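Today I opened my notebook to look up pairs of charged side chains. Here is the structure I worked from.

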Amino acid sequence: MRASRTSPTGVERRFGDDELIVTKTDARGVITYANDVFLRVSALTEGEVVGQPHNIIRHPGMPRGIFDLLWETLRSGSEIFAYVVNLAADGAHYWVLAHVTPSVDAHGKLLGYHSNRRVPVPAALTAVRRLYDELLAVEARFSRPAEAVAASRALLTERLDTAGMTYDEFVWSLSPEGVAA
Ligand SMILES: Cc1cc2nc3c(=O)[nH]c(=O)nc-3n(C[C@H](O)[C@H](O)[C@H](O)COP(=O)(O)O)c2cc1C
């Protein structure tokens, strides 16, 4: 069952500080590989995941603007670190600090994408939730997704400009060591 059709229960799921949640996708973002940690934490089977688009675990608490930034960054050939809350098939949610990278062949041709996700430093999530809630509130004012994304990206840029940071710098300002101790 797709997690994104499940209503969130509000139950937060943790995974081990020493664990990595890994998925690989093709160039369109369709999942080609998921490790056991992903399947366990997302309460999904390999058969439910492989061949599905990555929004299978999309949580309604994730702003569209952040995914827009993610795809824009990946399509430009760059990697991105991002805080993401995901929805498991049983309604639980889990926060990750994701590192998503394009995979290219020897000629630079795009093969797909790769995401490694670690447990974020808990203290980082206060600032992340505050920012994401602001973006969600702006997005909720628009019925057309394109308008919601544009407004969300504009607010994100404004908040980051005020702080004098890129999104990448924002991410690392919250967890200087990168991952939970
Ligand atoms: C390698 C890779 C990993 C991704 N991981 C996630 C993820 O863990 N959770 C998520 O909601 N979206 C993830 N996405 C983004 C989704 O493709 C999608 O943009 C997002 O879920 C928003 O879906 P929507 O456009 O249907 O709102 C990932 C994309 C790529 C390329």
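Predicted model: local features only at pLDDT ≥ 70, side-chain atom pairs only at ≥ 80, totals over all residues.

**Notes on salt bridges**

I began with Arg153, which counts as buried at 17% relative accessibility; buried means under 20% relative accessible area, exposed over 50%, and partly exposed in between (1.4 Å probe, protein chains only). Residues are numbered from 1 along each chain as its sequence is written, and side-chain values use heavy atoms, with hydrogens and water left out.

Next I looked up the partners. Side chains of opposite charge can pair when their charged atoms come close. A salt bridge here is a side-chain nitrogen of Lys or Arg within 4 Å of a carboxyl oxygen of Asp or Glu. I found that the structure holds ten of them.

Which residue forms a salt bridge with Arg153 at 3.2 Å? My notes say Glu72, going by the closest N and O atoms. This pair links distant parts of the chain, with Glu72 in helix H3 and Arg153 in helix H5, 81 residues apart. (Helices are DSSP runs of H or I, at least four residues, numbered from the N terminus.) Glu72 is partly exposed, at 45%.

Arg153 also meets Asp68 in a salt bridge, at 2.6 Å from N to O. Asp68 is partly exposed, with 29% relative accessible area. I noted that shared partners join Asp68, Glu72 and Arg153 into one network of salt bridges.

Methods. Helix = DSSP H or I, 4+ residues; strand = E, 2+ residues; numbered from the N terminus.
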